[in-house]
Amino acid sequence: MTPELIDELKTLIIETLNLEDVAVADIETDAPLFNDGLGLDSIDALELGVALHKRYGLTLSPEAEETRQHFASVRHLADYVAASRSR
Amino acid sequence: MASFPEFSFRRWSAWAAAMPDADAWRSWARGDAPLPDGEEAAAVKAMPPLLRRRARPAGRAALDALYAPALAYDGQPIIFCSRNGELDRSLALLQSLAAEGQVSPQEFSMSVHNAIPGLFQIAQKSRAPVSALASENQMAFSGITEALAQLADGVPSVILMFCDAPLPMLLRPFMDGEPPCFAYAVELVPGHDCRLVHNDSPSPAKSVRAPRAIAPSQHIPSTHAIEAAASQADPSPLALLRFALDETRRALPLTDAADWQLRRFAPETRHA
């Protein structure tokens, strides 16, 4: 896992979810993505799932407990992408 | 015949790129010029960005009108009227389905006609009823009918709103002179300023159908007169806004045939 991947994921989140007025530097690497942190919702989770599939070939199960953990923060997501990506 | 309740227009708000303030709208309403063009999208600064990001230009215009301080929205039922809604979104969804076999969950979640007023109600944490209407060229008539039905049902105030944006490029051949992106909201309350009336025996000058619907007859006006009268009958949502804002306007045809009309009572003849 590299700082480049962290920034790449932040950019992906901003572009995929049309986060207006949010810059890469505004997203805290360890802050929660959903609810209290960045404030994303369940539709965003689905949207991110589609984007991660397209970009990295990952398939996330909406029901699995691991998915919840992967989405806990950008750092968790980066760990998961680095370990499991197929492209 | 049962009649619709008399009503008054109360508060209003409107958004279009080239219309800076209420005075600009009022002076536009007094004239007959089309709405000026403009490219800019509505800012909707009052809406939390996380919700605002989900709206396209037509929806943003509508949200701007709903959030406008002049409307002072206070939980009334909303009647949301739009001919095309956010058709650019629907088109993008279909294109992505054709090209990739999947659609964006975020875009799909917004691809219903009541999504924009729904987004507003989520932001307001309001449970007020929302009706979403779509119609071709009698949009204003449909909206007024629904609003008056709700007033007749005892609602003390209702927000009637209209919004539309030019069609996406691929669908432009189907355009027939749509205005630039606009939205407005008017509050209707029980009152004694206006009434919806039906002309049971309309005079030819007031009730003229489109030329193709006229059968040859010695009783009908000349083709020239028909075209002139038909072109004056503008049942569009923007004509309704002109009527609402300009109190010197006394009648507004709401159908191409002009058999249904809004009438404004002269001050001295008002019942109350």
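The legends below describe close-up views of a predicted model.

**View 1. Chain B as a whole.** The secondary structure of chain B consists of nine helices and eight strands. Of the 272 residues in chain B, 48% are buried. Among contacts in this chain between residues at least 6 apart in sequence, 69% join residues at least 24 apart.

**View 2. Helix H1 of chain B and its two sides.** Helix H1(B) covers residues 22-30, and its buried residues are Ala24(B), Trp25(B), Trp28(B) and Ala29(B). Seen down the axis of H1(B), these buried residues fall within an arc of 135°, so they line one face of the helix. On the other side of H1(B), Asp23(B) and Arg30(B) are exposed. What do the buried residues of H1(B) pack against? They pack against strand E1 (7-16) and helix H9 (237-245) of chain B.

**View 3. The interface of chain B and chain A.** Here 12 residues of chain B are in contact with 16 residues of chain A. The size of an interface is often given as the accessible area lost when the parts come together. Between chain B and chain A the buried area is about 1200 Å², and carbon and sulfur atoms give 43% of it. Ten residue pairs are in polar contact across the interface, with both residues at pLDDT 80 or more. On the side of chain B that touches chain A, the elements giving two or more residues are helix H2 (49-52) and helix H5 (105-109) of chain B. H5(B) gives the most, with four residues. By type, the residues on this side of chain B are two nonpolar, four polar and six charged.

**View 4. Salt bridges between the two chains.** Seven salt bridges are found across the interface of chain B and chain A, and the count over all chains is 22. One pair is Arg54(B) with Asp41(A), whose closest N and O atoms are 2.9 Å apart. Asp21(A) and Arg52(B) also meet in a salt bridge, at 3.6 Å from N to O. Asp21(A) lies in the loop between helix H1 (3-16) and helix H2 (42-56) of chain A, and Arg52(B) lies in helix H2 of chain B, so the pair joins two chains.

**View 5. The salt bridge of Arg56(B) and Asp88(B).** The side chains of these two residues meet at 3.8 Å, N to O. Arg56(B) is in the loop between H2 and helix H3 (57-67) of chain B and Asp88(B) is in helix H4 (residues 87-100) of chain B, so the pair ties together parts that are 32 residues apart in sequence. Arg56(B) counts as partly exposed because its relative accessibility is 24%. Asp88(B), at 25%, is also partly exposed.

**View 6. The salt bridge of Glu178(B) and Arg83(B).** In this pair the closest N and O atoms are 3.9 Å apart. Glu178(B) lies in the loop between strand E4 (158-164) and strand E5 (182-190) of chain B, and Arg83(B) lies in the loop between strand E2 (78-81) and H4 of chain B; the pair links distant parts of the chain, 95 residues apart. At 18% relative accessibility Glu178(B) counts as buried, while Arg83(B), at 28%, counts as partly exposed. Elsewhere, salt bridges that share partners join Arg56(B), Glu86(B), Asp88(B), Arg89(B) and Glu107(B) into one network.

Technical notes: Residues are numbered from 1 along each chain as its sequence is written. Chains are lettered from A and ligands numbered from 1 in the order in which they are written. This is a predicted model: local features need pLDDT of at least 70, side-chain atom pairs count only at pLDDT 80 or more; totals for chains, interfaces and linings use all residues. Side-chain values use heavy atoms; hydrogens and water are left out. Buried means under 20% relative accessible area, exposed over 50%, partly exposed in between (1.4 Å probe, protein chains only). The arc is that of the directions from the helix axis to the C-beta atoms. Contact means heavy atoms within 4.5 Å. Buried area is the accessible area (1.4 Å probe) that two parts lose on being put together, summed over both. A salt bridge is a side-chain nitrogen of Lys or Arg within 4 Å of a carboxyl oxygen of Asp or Glu. A polar contact is a pair of N or O atoms within 3.5 Å; within protein, one must be able to donate a hydrogen and the other to accept it, and residues adjacent in sequence count only if both atoms are side-chain atoms. Ala, Val, Leu, Ile, Met, Phe, Trp, Tyr, Cys and Pro count as nonpolar, Asp, Glu, Lys and Arg as charged, and the others, Gly among them, as polar.
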